[in-house]
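We will take them one stop at a time.

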Amino acid sequence: MRVGVLTGGGDCPGLNAVIRGVVRKGVKTYGYEFVGFRDGWRGPLENVTMPLGVDQVRGILPRGGTILGSSRTNPFKIDGGVEKIKDSLAANGVDALIAIGGEDTLGVATKLADLGVNVVGVPKTIDNDLSGTDFTFGFDTAVNIAMEAIDRLHTTAESHHRVLVVEVMGRHAGWIALHAGLAGGANVVLIPEQPFDIEKVCALVESRFETRYSPIIVVSEGAVPAEGGDMTLQSGELDAFGHVRLGGIGDRLASEIEHRTGKEARAVVLGHVQRGGTPTAFDRWLATRFGLQAITAVHDKDYGKMVALRGTEIVRVPLIEGTGELKLVSPEEYAEAEVFFG
Ligand code: F6P
């Protein structure tokens, strides 16, 4: 048996641990051979491969990123893409493919499975918004990085009597913001699922200063003001302290808070720091177990499935479950955190 492996979409701490788990068990337990496809679906599309065996996965467990490289290439958006993928799998003697990725990568895997390709999926995103699994690896690492940043920002905010706005990743879901905000003792958490009332945010900022403490606001990159609550300042305008504000919601929010409250505010955009570097122990554990389960699924010829965490069990579910509706923070879960706001 010869198995292809690829990693697609945004990278994420733990990808190498999955690859290592797949290869170690595949070689040692089943005597399989592997071929690594470079840069997500671009690898089989352009037939760019690399050797993948026990030697290649040695020492990669603590390393962030992916030894296979990644891209957001989608073969279904390219003329003749699917045929090229099938040709490349055949040319490399690949009997089964393990695709490690998020919504888009698993979406491609689902369609290929429907076309008869032997594929098993492994879910991945730091955003933790994939359905079908309780957690994705990479999320815990991102939350810990954001929590450490919040811890550090508390002290500088207090020293300067400033508002600190921390923008974290999460285009559609506020999981990173909510978990890091709770863990770091943030005073306000704003997430995409709950459009925020800027007046209420400013009132919380002012009440926090009344208690002689400085507020820390955690905002997901995808958070938006509620309808009718448009913010006055636009990107690039000078704020009340003469700073030029650029770009994202973190900067806009800091400007708006200064403008409305007269309190000095700074924005910190954590960006790709949350995706880089070494995975936490939890993410190494989860990613390793996903890898072991994925190669076991191949051995069982249980194709068209995705591995998933349910409670403390690693299970297999239909690939389609990972590509359906995104898993969002419920109003109840958000409301529970509101007791800490202000
Ligand atoms: O989906 C994961 C994610 O990290 C999002 O949180 C973020 O919006 C996006 O990827 C960033 O993508 P890119 O690395 O392509 O800028």
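Begin by selecting helix H1 (residues 15–28) and helix H10 (residues 281–299); helices here are DSSP runs of H or I with at least four residues, numbered from the N terminus. H1 passes H10 in a right-handed crossing, meaning that the near helix is turned clockwise from the far one by less than a right angle. Axes are lines fitted to C-alpha atoms over the stretch in contact, and angles run from 0 to 180 degrees between N-to-C directions. H1 and H10 are therefore oblique to each other (angles under 35 degrees count as roughly parallel, over 145 as roughly antiparallel, 65 to 115 as roughly perpendicular and the rest as oblique).

Before going on, remember that this is a predicted model, in which local features need pLDDT of at least 70, side-chain atom pairs count only at pLDDT 80 or more, and totals for chains, interfaces and linings use all residues. Residues are numbered from 1 along each chain as its sequence is written.

Now show the side chains where H1 and H10 touch. Among the contact residues are Ala17, Val18 and Ile19 of H1, and Phe290, Gly291 and Leu292 of H10; contact means C-beta atoms, placed from the backbone, within 7 Å. The contact of H1 with H10 has nine nonpolar, four polar and three charged residues. Ala, Val, Leu, Ile, Met, Phe, Trp, Tyr, Cys and Pro count as nonpolar, Asp, Glu, Lys and Arg as charged, and the others, Gly among them, as polar.

Next, select helix H8 (residues 198–210) and helix H9 (residues 249–261), whose axes come within 10 Å and cross at roughly 70°. That makes H8 roughly perpendicular to H9. This crossing of H8 and H9 is right-handed too. Look for Ile198, Cys202, Val205 and Glu206 in H8, which meet Glu256, Ile257, Arg260 and Thr261 in H9.

Zoom out and colour domain 1 (2–137 + 279–323) and domain 2 (139–276), with bounds from an automatic or database domain assignment. Their centres, taken over C-alpha atoms, are separated by 35 Å. Domain 1 gives 15 residues to the contact and domain 2 gives 14.

Where does the ligand lie? Both domains give residues to the shell around the ligand, so it lies between them. Select Gly10, Gly102, Thr125, Ile126, Asp127, Met169, Gly170, Arg171, Glu221 and Arg275 to show that shell (C-beta atoms, placed from the backbone, within 6 Å of the ligand). By class, the shell has two nonpolar, four polar and four charged residues.

Note on methods: Helices (H or I, at least four residues) and strands (E, at least two) are DSSP runs, numbered from the N terminus. Two residues are in contact if their C-beta atoms, placed from the backbone, lie within 7 Å.
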